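User: I am new to this structure and would like to learn how to read its features step by step. Could we begin by putting it on display?

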Amino acid sequence: MAESTRRPLISANWKMNLNHLEALKVVQELSYLVSKDDVDEVDITIHPPFTDLRTVQTALESDKIPFYLGAQNVHEAESGAFTGEVSAPMLSKLNVRYVIVGHSERRQIFGETDAVINKKVKAVVKNEMRPILCVGETQEQRDSGEAESVVTQQLQACLKGLKEDQLEHLTLAYEPIWAIGTGNTASADDAQEMCALVRSVVASEFSSEVADVTRIQYGGSVKPTNAAELLNKPDIDGALVGGASLEAQSFAQIVQFRLHDFEAL
Ligand code: PGA
């Protein structure tokens, strides 16, 4: 477990935005805005659409830009007759390091179940990449007091059958669905409470040693103005950022959350 620490992990989930030329521009801008001091403190992952991966990979490697390459999804099989899908070995060949799995848009729009997501997590781990597994409740579930039980069940089902040593590079992302793309961020206290719950589930399903080193991100309308408050909470070890990651300036300000005290302005 030695290498896996809880350095903040700040991830840019671009969703279905930015073609490969636009992607290149944003990555280059970001590389000027983010300093060496920033990357000494924070791990940064960029998750572009599949069509941009090779371009972003080449830019990161040729210019030695210290961001990790990420993907937004993966198919659970290694290869085969799955028209339109992309496998974990294909991503790994492009030096993809982190793969988002089980994002709520995959669950809600594309009908991904916990059972499928569980297979995807295993495919990512088997191919020596690092899953960012997303969990989170809907507004309805929160209103009816089910947030904790929904998130607990998602974690139990999506992590089923994994061995402790396969969790070494696991990141979990708590993303309340009502906060995604809506501008309604969870309060820092609510986000902390749910991230602490996520950690306690990992402790009870595996061990407190694993729970202590597992990074837990918060996602859902993270912006430069709320990043510091969220990231200063003890169980929030990073952010999964959608909308605010599409522009280099705002994503860089989130990465530099320690420097920007917007509350004080
Ligand atoms: P958002 O998206 O930052 O635009 O709310 C977050 C996510 O879906 O990961």
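Predicted model: local features only at pLDDT ≥ 70, side-chain atom pairs only at ≥ 80, totals over all residues.

User: Which residues come nearest to the ligand?

Analyst: There are 13 residues around the ligand, and those that come nearest are Lys-15, His-103, Glu-175, Gly-181 and Ser-221. Sorted by class, this shell holds four nonpolar, seven polar and two charged residues.

User: What polar atoms lie 2.7 Å, 2.6 Å and 2.8 Å from an oxygen atom of the ligand?

Analyst: A polar contact is a pair of N or O atoms within 3.5 Å. In this model, a polar side-chain atom of Lys-15 lies 2.7 Å from an oxygen atom of the ligand, while for Gly-181 a backbone N or O atom lies 2.6 Å from a ligand oxygen, and a polar backbone atom of Gly-243 is 2.8 Å from an oxygen atom of the ligand. Taken alone, the ligand exposes 280 Å², of which the protein buries 95%. The space that the ligand takes is the second largest pocket.

User: How many aromatic pairs are there, and why is the pair of Tyr-174 and Tyr-218 called tilted?

Analyst: A pair of aromatic rings is described by the distance of the centres and the angle of the planes. The count here comes to two aromatic pairs. The rings of Tyr-174 and Tyr-218 have centres 6.3 Å apart and planes at 50°, so this pair is tilted. The pair links distant parts of the chain, since Tyr-174 belongs to strand β6 (residues 171–174) and Tyr-218 to strand β7 (residues 215–219), 44 residues apart.

Terms used. Residues numbered from 1 in each chain as written. Heavy atoms only, no water. Near = heavy atom within 4 Å. Polar contact = N/O pair within 3.5 Å; in protein donor to acceptor, adjacent residues only side chain to side chain. Areas by Shrake-Rupley, 256 points an atom, 1.4 Å probe, with all protein chains shown as cover. 1 Å grid on protein atoms, 1.4 Å probe; cavity = no way out; pocket = protein on both sides within 12 Å on 5 of 7 lines; lining within 4 Å. Sits in = over half its atoms within 2 Å of the grid points. Nonpolar A, V, L, I, M, F, W, Y, C, P; charged D, E, K, R; others polar. Phe/Tyr/Trp six-rings, centres within 6.5 Å; stacked < 30°, edge-to-face > 60°. Helix = DSSP H or I, 4+ residues; strand = E, 2+ residues; numbered from the N terminus.
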